[in-house]
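Hi,

Here is the structure I promised to pass on. Have a look at it first, and then read my notes below.

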Amino acid sequence: MAGSISAWHAIAWSFNCHTMVIHSHKELIKLAKDILGLHPEIIALSGPLGAGKTTLTKEIAKQLGITENIISPTYVLETEYKIPDSDKLFIHIDCYRMETLNELIRLGIEKRINQNNIIVIEWADKFPEFFKKYSTTYVNISLGGDENERTIEIV
Ligand SMILES: Nc1ncnc2c1ncn2[C@@H]1O[C@H](COP(=O)(O)OP(=O)(O)OP(=O)(O)O)[C@@H](O)[C@H]1O
Ligand SMILES: [Mg+2]
């Protein structure tokens, strides 16, 4: 099973559009590494409540060497962490409670894009027009048939 996912993965990747089904933490780690390998300015996450956006964000942070506990910024809207051995920041934003794009802009992230910081945004599909301006990797997570299954689409 894992072998067939990898083969599909390699083909889809080369077309720059990628759909895969994951079932395990091991596959989530691989996904986090693959996303970082694309070097996006913004990682825009979408998917329903409980899809796994924060879980994936935590794994991305871990891959960057961040050891702090990543907490969901649903109420504070934004949290940031220093990426070890670099002068870059890992910035985690949650748009769930935002009603207008202005609320996102008011966080001042535009200044921090293009500084090689890594910005992960949950519920990014609320403001799709904003992300078009930047080098963005879109990751949509859908719930699957069992509690650990997730379908991931990356564009
Ligand atoms: N393959 C998987 N990938 C990600 N999470 C998974 C997977 N399988 C099970 N889960 C579980 O699903 C839950 C996802 O919760 P999480 O808080 O990450 O979702 P979320 O998309 O951030 O939700 P919200 O919209 O409330 O912010 C976690 O309990 C996680 O352990
Ligand atoms: Mg979340």
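What follows is a short tour, from the overall fold to one helix, the core and the ligand.

This is a predicted model, in which local features need pLDDT of at least 70, side-chain atom pairs count only at pLDDT 80 or more, and totals for chains, interfaces and linings use all residues. Residues are numbered from 1 along each chain as its sequence is written, while chains are lettered from A and ligands numbered from 1 in the order in which they are written.

The protein has 6 helices and 7 strands; helices (H or I, at least four residues) and strands (E, at least two) are DSSP runs, numbered from the N terminus. Along the sequence they give the pattern α-β-α-β-α-β-β-α-α-β-α-β-β. Of the 155 residues, 27% are buried. Here a residue is buried if 20 or more other C-beta atoms lie within 10 Å of its own, exposed if 12 or fewer, and partly exposed in between, with C-beta atoms placed from the backbone.

An α-helix has 3.6 residues a turn, so residues three or four places apart point the same way. Just after H2, His39 has a positive phi of about 50°.

The largest nonpolar core has 27 residues, and Ile43, Ala44, Leu45, Ile119 and Ile121 touch the most other members. Such a core is a set of buried Ala, Val, Leu, Ile, Met, Phe, Trp, Tyr and Cys residues joined through C-beta atoms within 7 Å. Leaving aside neighbours within four places in sequence, the contacts of Leu45 (C-beta atoms, placed from the backbone, within 7 Å) include Lys53, Leu56, Val120 and Ile141.

Finally, which residues come nearest to ligand 1? Of the 15 around ligand 1 (C-beta atom, placed from the backbone, within 6 Å), they are Ala51, Gly52, Lys53, Thr54 and Thr55. Helix H3 (residues 53–63) gives the largest share of this shell, 3 residues.

Happy exploring!

How values were computed: Two residues are in contact if their C-beta atoms, placed from the backbone, lie within 7 Å.
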